[in-house]
Structure formats: structure tokens, C-alpha cells
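The stops below are given in the order in which to select them.

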Amino acid sequence: MNDRTENRKVYVVTGSASGVGEATAMHLARRGARVVVNCSKSVGEAERVAAACANAGGEAIVVQADVANDADCQRLARAALAKWGRIDGLVNNAGTTKFAPMHDLAAVTAEDFHAIYAVNTIGAYQMV
């Protein structure tokens, strides 16, 4: 490796198989970063994003992990460390919701709320 590749920053971007997470991963890759592309379910999409990151000048790996699960969060961090030896930044982008009509707020159950909270709040905490 040359000095340029040894000093590339390493970022974990949760929920980066689509949307804002994908755009963030691509933004970092265009600047030569090493990116952990994360998804909970969309492995094919995450692999597409990782390939696009590589084509944009970065380097990427895909790690399927559910940020609502602490063991998955730890495995996600360990994957970055195993591949590149460090983590320079974290983008806590993973998120979920359940859409319900305004007139039917009971459509979101307590179970739904717990699942949403587990990803959006606890997951971000666990990743830090």
C-alpha cells in the first residue's frame, strides 16, 4: 500500500443500502474513503452500493446487521476493524417506521412502537 491508501478514512454507514445512507456512502467513496455498507435485509442492494463505491474511487465491504440487535452492532464494528484496523467515523443512518393514516393512530401498535424505537433510538446508541 502507498501512503494515500494507508491513510484513507474508514466509515461505518448504517442503513446504507438505499436512500440517504446510500448517498452518504457514495459521497464518502468519491473522496476515497473506505466504507462499511450496512443493511438489515437488502443484501443485494447493499452489494450494489458497495460496487458503486468501489467504482467511485472508494473501497467498501457489506455487513448485514440489524442495529436493533447489540450483538449485530458489535459484529458490524468488528468487521470494519478486521478489514481496515480502525473506524474513523460513524453515520447512524439506519431507521424505520410504520406508516399509518392520520385518522387511525391506533394502527401503530405497542409492538410496532417498540420495533421502531429499537432501531431508531437504541440502535443508534448501540452503534456508538
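**Stop 1**

Select arginine 8, which counts as buried because its relative accessibility is 14%; buried means under 20% relative accessible area, exposed over 50%, and partly exposed in between, with a 1.4 Å probe and protein chains only. The model is a predicted one, in which local features need pLDDT of at least 70 and side-chain atom pairs count only at pLDDT 80 or more, while totals for chains, interfaces and linings use all residues. Residues are numbered from 1 along each chain as its sequence is written, and side-chain values use heavy atoms, with hydrogens and water left out.

Helices (H or I, at least four residues) and strands (E, at least two) are DSSP runs, numbered from the N terminus. Glutamate 59 is partly exposed, because its relative accessibility is 27%.

**Stop 2: arginine 34**

Arginine 34 is buried, with a relative accessible area of 5%.

**Stop 3: helix 4**

Go to aspartate 72 in helix 4 (residues 70–84). Its side chain and that of arginine 75 meet in a salt bridge (3.4 Å, N to O). Aspartate 72 and arginine 75 are 3 residues apart in helix 4, so about one helical turn separates them. Aspartate 72 counts as buried at 18% relative accessibility, whereas arginine 75 is partly exposed at 35%. The structure holds 7 salt bridges.

Show the contacts of aspartate 72, a contact being heavy atoms within 4.5 Å. Leaving out residues up to four places away in sequence, aspartate 72 touches Ala65 and Asp66.

**Stop 4: helix 5**

Select residues 110–127, which make up helix 5 and include tyrosine 117. Helix 5 has 18 residues and spans 24 Å from its first C-alpha to its last, close to the 26 Å expected at 1.5 Å a residue; the expected span is 1.5 Å times one less than the number of residues. At alanine 118, helix 5 bends by about 40°, the angle between axes fitted to the seven residues ending there and the seven starting there.

Which residues of helix 5 are buried? They are Asp112, Ile116, Ala118, Val119, Gly123 and Met127. Their cover includes strand 1 (10–13), helix 4 and strand 4 (89–91).

End on tyrosine 117, which counts as partly exposed at 39% relative accessibility.

Conventions. Salt bridge = Lys/Arg side-chain N within 4 Å of Asp/Glu carboxyl O.
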